[in-house]
Amino acid sequence: MRVVGLFFLYVISFTFVKAQNSSSSYAALELPLSARHAVLNEPVSLYSEDLESGVFNPAMLNEKMEKQLSLNFVDYFSDINFVSAAYALPLRDFGTIGISVKSIGYGEFTETDFTSQSLGTFGANEQIISVGLGKELSERWSVGASVKTLFSNLQDYQSVALASDLAIAYKKEDKNFSMSLLARNYGKQISTYASTEEILPFQLDFGLSKRLEHLPFLITMNYKNIQKWDLTSIYESANNDLNQNTSSEEINFTNKLFRHIDVGGELSIGKHIQLRMGYNPKRRQELKVDSFLGMVGFSWGLGIKISHFKINYGRSTYHLHGSPNYFSFSTDFSKFYKQQ
């Protein structure tokens with residue numbers, strides 16, 4: 001298991017380096033685009049035929065995803081919209097390749113001078129091109145790696161960054177169980193916005209999933225940001241200080257622990273309908289309004305299979321002001337070939 005040893009050496013080395021600096025740029029690398037994955041809080045270990053699982057975690061790429069096409073659209077806040085497309089194909093006997101292209105449009109902005117005189121409008125957008133490879137080492141173990149190139153255009157400022165993901169997974173298909181360790185978004189800027197180099201949002205995540213034996217229900221659970229213990233937001237701390245509540249140093253152990261954990265569940269109704277729900281404690285703590293908690297931190301959605309097509313919808317509650325809507329469409333081209 002030499003590959004396993006090299007993986008852990010990679011993880012330990014870069015986790016130590018990234019733990020020294022908690023601030024980062026390129027938040028677009030952390031945005032979910034798939035309806036199913038947004039609801040389930042981007043499950044780290046979801047071994048299935050869902051291509052988006054392999055796009056997020058290259059160790060999940062497998063032959064069941066080959067010749068699949070996945071399309072996503074996200075109606076985010078205000079005029080912000082995301083679109084993405086992904087496709088998987090075999091690389092002879094070496095593994096499965098997953099290719100993904102994502103585009104994020106932040107809308108149109110009004111440009112003004114220091115006297116508030118309008119100078120016109122400008123736009124902002126980012127694109128991410130990802131190529132991943134997944135390889136099964138044995139019946140139980142698999143590894144994967146991906147390379148992502150990010151092109152960022154913010155008004156007259158441009159930047160290019162290169163990031164990589166590395167993952168290892170253990171699965172028992174006869175027990176419908178899998179777990180995985182994923183190191184993602186390690187890399188650096190190739191060109192900077194304004195001569196100031198920024199770091200990428202490196203993250204080390206662990207996840208597991210289990211489909212119950214006597215109930216058509218899938219449970220996913222993640223422990224994210226292993227590289228950093230205290231995930232209290234600086235904005236949350238400032239808000240607490242203004243309201244004379246607890247500071248980040250006084251937040252108890254349990255509160256900090258659950259900011260790392262999120263869960264999701266998927267109930268299958270027959271072979272063609274899935275109902276989903278997820279809960280993200282970190283999001284709830286950061287974005288809740290104490291006077292009215294609402295459903296902040298919760299997400300829900302459903303999936304419908306019609307012939308060889310799968311349609312998924314998801315809604316994730318970030319704030320009382322509004323919630324993003326996720327739409328996904330996928331199909332398996334190999335099913336059409338078999339019919340001919």
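Which residues of the largest nonpolar core touch the most other members? In this predicted model, they are Tyr26, Leu29, Tyr76, Phe82, Leu150 and Tyr326, out of the 20 residues that make up the core.

**Nonpolar cores**

- Leu150, one of the core members that touch the most others, has contacts in several parts of the sequence: Tyr26, Ala28 and Leu29; Glu126, Gln127 and Ile128; and Ser159, Val160 and Ala161. Residues up to four places away in sequence are not counted in this list.

- The volume of the second largest pocket is about 830 Å³.
- Its lining comprises 39 residues, and those nearest the pocket centre are Arg36, Ser48, Glu49, Arg211 and Glu266.
- Sorted by class, the lining residues of this pocket are 15 charged, 15 polar and nine nonpolar.

**Gln274**

- Gln274 belongs to strand 11, which spans residues 273-279.
- Gln274 counts as buried because its relative accessibility is 17%, and buried means under 20%.
- Apart from neighbours within four places in sequence, Gln274 is in contact with Glu266, Leu267 and Ser268, and also with Gly301, Leu302 and Gly303.
- Glu266, one of these contacts of Gln274, is also among the residues nearest the centre of the second largest pocket.

Conventions
Residues numbered from 1 in each chain as written. Predicted model: local features only at pLDDT ≥ 70, side-chain atom pairs only at ≥ 80, totals over all residues. Heavy atoms only, no water. Core = buried A, V, L, I, M, F, W, Y, C linked by side-chain atoms within 4.5 Å. Buried < 20%, exposed > 50% of the residue type's maximum accessible area, 1.4 Å probe, protein only. Contact = heavy atoms within 4.5 Å. 1 Å grid on protein atoms, 1.4 Å probe; cavity = no way out; pocket = protein on both sides within 12 Å on 5 of 7 lines; lining within 4 Å. Points joined across faces, edges and corners; volume = space filled by probe spheres on them. Nonpolar A, V, L, I, M, F, W, Y, C, P; charged D, E, K, R; others polar. Helix = DSSP H or I, 4+ residues; strand = E, 2+ residues; numbered from the N terminus.
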